[in-house]
Each structure stands twice: as structure tokens, then as C-alpha cells.
Protein chains: 2
Amino acid sequence: MYPASLQKLIESFRMLPGVGEKTAERYALLISEADETDVREFAQAMLDVREKLTHCRICGNLTESEECEICRNTDRNHRQILVVQSAKDVIAIERTGEYRGVYHVLNGLISTSKGIMPDDLNIDTLVRRASDCDEIILATSATMDGETTAMYLDRLLKDSNPDLLITRIAHGLPSGGMLDYADEITLMHALTDRRKMG
Amino acid sequence: MYPASLQKLIESFRMLPGVGEKTAERYALLISEADETDVREFAQAMLDVREKLTHCRICGNLTESEECEICRNTDRNHRQILVVQSAKDVIAIERTGEYRGVYHVLNGLISTSKGIMPDDLNIDTLVRRASDCDEIILATSATMDGETTAMYLDRLLKDSNPDLLITRIAHGLPSGGMLDYADEITLMHALTDRRKMG
């Protein structure tokens, strides 16, 4: 019912995660009225991302070169590897400013429900990297798939290098979280992982 | 912190309505992994919309020609004009399949809080069209700005053509709406606009 060009753009917007018909319409209508230079830049940015962006051959993070900036940074501790699901998580950890090691991006999680198996993920290179490092920090999400993946990697890595230190990020009450709003599993973790004060 | 091309795309996505940092990230990351043909088509659709789409010179609706399909359709009743805020509303009414008249798209609503005055809207052409029609249906939203605009247009159009029939779409309980969930203003409208049964 919309003019053809608008209808086509609405369909394109629908490929974005969580975008339904109504939202796609709103987005497309905004584009139809936006500043022409902005729209040109938007379209070009889209093509650039698709063409220039690739995965770092060492850690799997997003990069425009063969190796990502973090892997190329010699000031970082390359013997400490933090394992995450996606490039987004790298940014989240980097924002804390607390971590000086390097990363390994799996680009997914093992998921029986979605049919994602270990072979579909960036795990082979992790096993190779693990043979030459001191600590692997498993920082996958505290979800079912995140835990499954962490357990799988823990066993796999222990088998290949029994002296390796393998850690898991802490689970517990989030900062600002109220005890009576926390679910049972979070509270269970918060209790079992309790730490001595001071 | 992201590679430059990705960062640029994230910023572009943020120009869409209601899209914050996190959502823009998710969208941009999806584009980085999407099928290349899809991304090309997406970028092209964006440019096409910006270049091909214009406002119908008669009613202000979105079109790729000088006059929109509805205004060019001789099977429709051109003496009945339904006034809406935006092209989205035209589609919403068309979907009901009930309306056979034509439209007038204001491309906005009068809003004192946003500083949108009658002169900023597509009102001049409406006054001209009103001189040669039987009924004007004011179908702006049941919001403060929608009501203000409807009242303004009612007075303006009555002044220019005292014999014109000017109507306002009905306000009341939405279909499937529960009485005890409705707000007071909706209930008030539902009561005052009550109709005889059968």
C-alpha cells in the first residue's frame, strides 16, 4: 500500500533484530524525511561495515585489519585470555577499564535448542592459544547456554593443558540489586560464592 | 572502541526514532554479519526512498509521482476528504477497507509544546480543497495535539465554507477494551457519544 520504494525499505528494516512491521514503518518514514547527507552516510556506513569488517584471526573479535587492536597491543597481558560470546561483550568489559589481558570471541554459544554445536564456534583457535597462556577467564553469560558453553570449555581446556588456571566470572547480586527482587538461582550463587569481608 | 566503520554505522542507526546506544549496537552488529546482497539492497532502498519519495501535490501523502495513487483513482469519492496527521495513518485507514473517499495528510499536528504552528502544516491546500467537497472527516489522534488541530481546522474550515459538513472520528472504548481499564477521558467520550442500539 505504500509507494514501492518505501515498502522495500520497510522490508529491509525488518531484518534487524526485534523490528516488526510498525517499527520498520517508523524507521522508513524517518529516512524519507531525513537530511539527504545523513541518509547517504547511513547507506555508505552500512556498505562499509559489510565490506571492511572481518574477524581477528587470533581472537575472533571484529576488526578492519587482519588482527584486532587489542591483539596487536603489546602493553596487554597476552597470557591472560577472557572468553566471551560476542564483540559486544568485549566492549562491555573494556568499558570497565579494569581488564588488561586479551580476549577470545566465540561468536556464539553452544545451544542445543538452536542447534549450535561446538564446531560452529571459534573454539579450535582457543585450544591452541590456551597451550601458551596462564589463565583463561570464562565470561560467557549467566544463562543456560552460557553455562553449558563454560562447562564444555572448562573440560576441553583442562584435557589439553592440566596446569592451566581456568576461572569463571562471579555470579551474584547485581550492583544496586535488591535482595527481594533477585531470583532464586542468583541468590543461590550469591550465597555459595560469598566472600570474607575486608 | 569499535572499529571505525562499525562505530559510524552505530551513530547512523541512532538517528532512528527510539534507538539508543544498545539497540544501535545490536543493529550494526547484525548488518556486519548479514548476507551481502541483503545489505546492498538495504543501502539502496534507503537512497531510493530519500530520492524518489515526495509528497502528493494534492493531498500531501507520500508518493513517487506528482500525485498519489489515491488522488489519481477516479473510483474514489473525491468530495469526501479524511484529514490525518501522517502517511502512516492513511495506510491504517486503508487497511480497514471501509473508506472510499480521499485523504489529506497534514504532515504533523499543531503543538504549542513543540512549537509547531498551523503554518508549518499542509493546511493551505486543505482550505482550497474544502471549497469543492461535501464532507471533511477530521481523523487526527485523540491526543491533546490531535484535538487542538481538529478544533483549529473545524473553525478555519467553517469560516471558509459554512455549508461544509465537518465530522470528527468517534472516540470511545477500543474494540476488546475493558471498561475498568479505560481512562476517565475515554469513558467520558464513550458516554457522551453513546448511540441508540439496533
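**Sheet and cysteines**

Analyst: Strand β4 (residues 101-105) of chain A is mostly covered, with five of its five residues buried. The model is a predicted one.

User: In which sense do β3(A) and β4(A) pair, and what is the handedness of the crossover between them?

Analyst: Strand β3 (residues 77-84) of chain A pairs with β4(A) over five bridges, in the parallel sense. Between the two strands the chain passes through helix α5 (residues 87-96) of chain A, and this β-α-β crossover is right-handed.

User: Which strands of the open sheet stand at the edges?

Analyst: The open sheet has four strands in the order β4-β3-β5-β6 (chain A), with parallel pairing. Each edge strand has a single partner strand, so one side of it is left without a neighbour in the sheet; these strands are β4 and β6 (165-168) of chain A.

User: Which strands does helix α7(A) touch?

Analyst: Helix α7 (residues 144-160) of chain A packs on the sheet, and its direction makes about 175 degrees with that of β6(A). The strands touched by α7(A) are β3, β5 and β6 of chain A.

User: How many disulfides does the structure hold?

Analyst: A disulfide needs two cysteine sulfur atoms within 2.5 Å. For Cys68(A), the nearest cysteine sulfur is that of Cys59(A), 3.7 Å away. For Cys71(A), the nearest is also that of Cys59(A), at 3.7 Å. Over all chains, the number of disulfides is zero.

User: Is Cys68(A) buried or exposed, and at what relative accessible area?

Analyst: The cut-off for buried is under 20% relative accessible area. Cys68(A) therefore counts as buried, with a relative accessible area of 2%.

Methods:
Residues are numbered from 1 along each chain as its sequence is written. Chains are lettered from A and ligands numbered from 1 in the order in which they are written. This is a predicted model: local features need pLDDT of at least 70, side-chain atom pairs count only at pLDDT 80 or more; totals for chains, interfaces and linings use all residues. Side-chain values use heavy atoms; hydrogens and water are left out. Buried means under 20% relative accessible area, exposed over 50%, partly exposed in between (1.4 Å probe, protein chains only). Two strands pair if DSSP finds at least two bridges between them. A crossover is right-handed if, with the strands pointing away from the viewer, the path from the first strand over the helix to the second runs clockwise. Contact means heavy atoms within 4.5 Å. Axes are lines fitted to C-alpha atoms, for helices over the stretch in contact, and angles run from 0 to 180 degrees between N-to-C directions.
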